[in-house]
Amino acid sequence: MAEFLKGLILSILSEKCYHEYFVKYNFLDEPCFKATLSKGLGIGIIAGSILVKVPQILKILGSKSAEGINIYGVTLELFAITANFAYSYVMNFPFSAWGEGTFLAIQTAAIASLVLHYGGAPSKAIMFITTYVGIVSILVSGYTPKDILWMMQAINVPIIVIAKSIQILTNYKNGSTGQLSAVTCLLLFGGSIARIFTSIQETGDFIIILTYCVSTIANGALVLQLFWYWNVVSKTAKNKNKKKRT
């Protein structure tokens, strides 16, 4: 039982940190504290990512509409997520540093297919999913040169800016956030903030750190829009109710 617990703890802690905490009882070791916090945040982000976009998917399915969700923005976001986890996987970074990418990719691909489906193109939705699975298989197969994967990761920065800008402009033109899920946007915003710290601790890769910094700013802009248009819509609805009563 003791060996099992030790093995479980070592899946989170390094040998050095295990020694510091459970042999020396030195719980104030700064490097180990940062490493443990990073690992814990990473595992938490991965656990949360399993369901992070489910509210968005359920909202689309419930309303049978993807109104206000821009397919180009979703596709670019999917490219950014895919480039990130494919690059991290091939570079053998710890799973705790990028694992949420796999779950986010699955859910984002599902959202893209739903946007196409409810947009009146169910055949395109099936083709989209099939093509995407084929592309991912090639990227993580080991046959794709690392230079290409690094380049994909590098262009993630402008891709994220463009993808989020498209959605932000769509919201602005519509005067609302449409079927965007507030829960999903808030979780993505919080996750991208935490990922800046975990990327510094676990990868030290400048391009990944920069990607999450840009992603945090872009997700923050969407969160601000959600609150702004939520207030606008609420006021409009109240005004309409007052007019009906009079």
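1. A salt bridge here is a side-chain nitrogen of Lys or Arg within 4 Å of a carboxyl oxygen of Asp or Glu. The model is a predicted one, in which local features need pLDDT of at least 70 and side-chain atom pairs count only at pLDDT 80 or more, while totals for chains, interfaces and linings use all residues. Residues are numbered from 1 along each chain as its sequence is written, and side-chain values use heavy atoms, with hydrogens and water left out. The salt-bridge rule gives a count of seven.

2. Helices are DSSP runs of H or I with at least four residues, numbered from the N terminus. Lys-34 is partly exposed at 34% relative accessible area; on this scale buried means under 20%, exposed over 50%, and partly exposed in between (1.4 Å probe, protein chains only).

3. Next comes Lys-53, which forms a salt bridge with Glu-77, with 2.8 Å between the closest N and O atoms. Lys-53 is in the loop between H3 and helix H4 (54–63), and Glu-77 is in helix H5 (residues 71–90), so the pair ties together parts 24 residues apart in sequence. Lys-53 is buried, at 3% relative accessible area, and Glu-77 is buried too, at 18%. A network of salt bridges links Lys-53, Glu-77 and Lys-164.

4. Please look as well at Glu-100 and Arg-195, a salt bridge whose closest N and O atoms are 2.6 Å apart. Glu-100 belongs to helix H6 (residues 100–118) and Arg-195 to helix H10 (residues 182–202), so this pair ties together parts that are 95 residues apart in sequence. Glu-100 is buried at 5% relative accessible area, and Arg-195 is buried at 1%.

5. Now for the cavity. On a 1 Å grid over the protein atoms alone, a cavity is a set of points where a 1.4 Å probe fits but cannot get out, and its lining residues have an atom within 4 Å of a point. Grid points are joined across faces, edges and corners, and the volume is the space filled by probe spheres set on the points. One cavity of 30 Å³ or more is found, and the largest cavity holds about 230 Å³. Its lining has 18 residues, and nearest the centre are Lys-53, Gln-56, Glu-77, Lys-164 and Leu-180. H5, H6, H9, H10 and helix H11 (206–245) each give two or more residues to that lining. By class, the lining has eight nonpolar, seven polar and three charged residues; Ala, Val, Leu, Ile, Met, Phe, Trp, Tyr, Cys and Pro count as nonpolar, Asp, Glu, Lys and Arg as charged, and the others, Gly among them, as polar.

6. Most residues other than glycine have a negative phi. Lys-64, not a glycine, has a positive phi of about 50°; this lysine is in the loop between H4 and H5 and is exposed at 59% relative accessibility. Asn-92, also not a glycine, has a positive phi of about 60°. Asn-92 lies in the loop between H5 and H6 and is exposed, with a relative accessible area of 67%.

Notes:
On a 1 Å grid over the protein atoms alone, a cavity is a set of points where a 1.4 Å probe fits but cannot get out, and a pocket is an open set with protein on both sides within 12 Å along at least five of seven lines; lining residues have an atom within 4 Å of a point.
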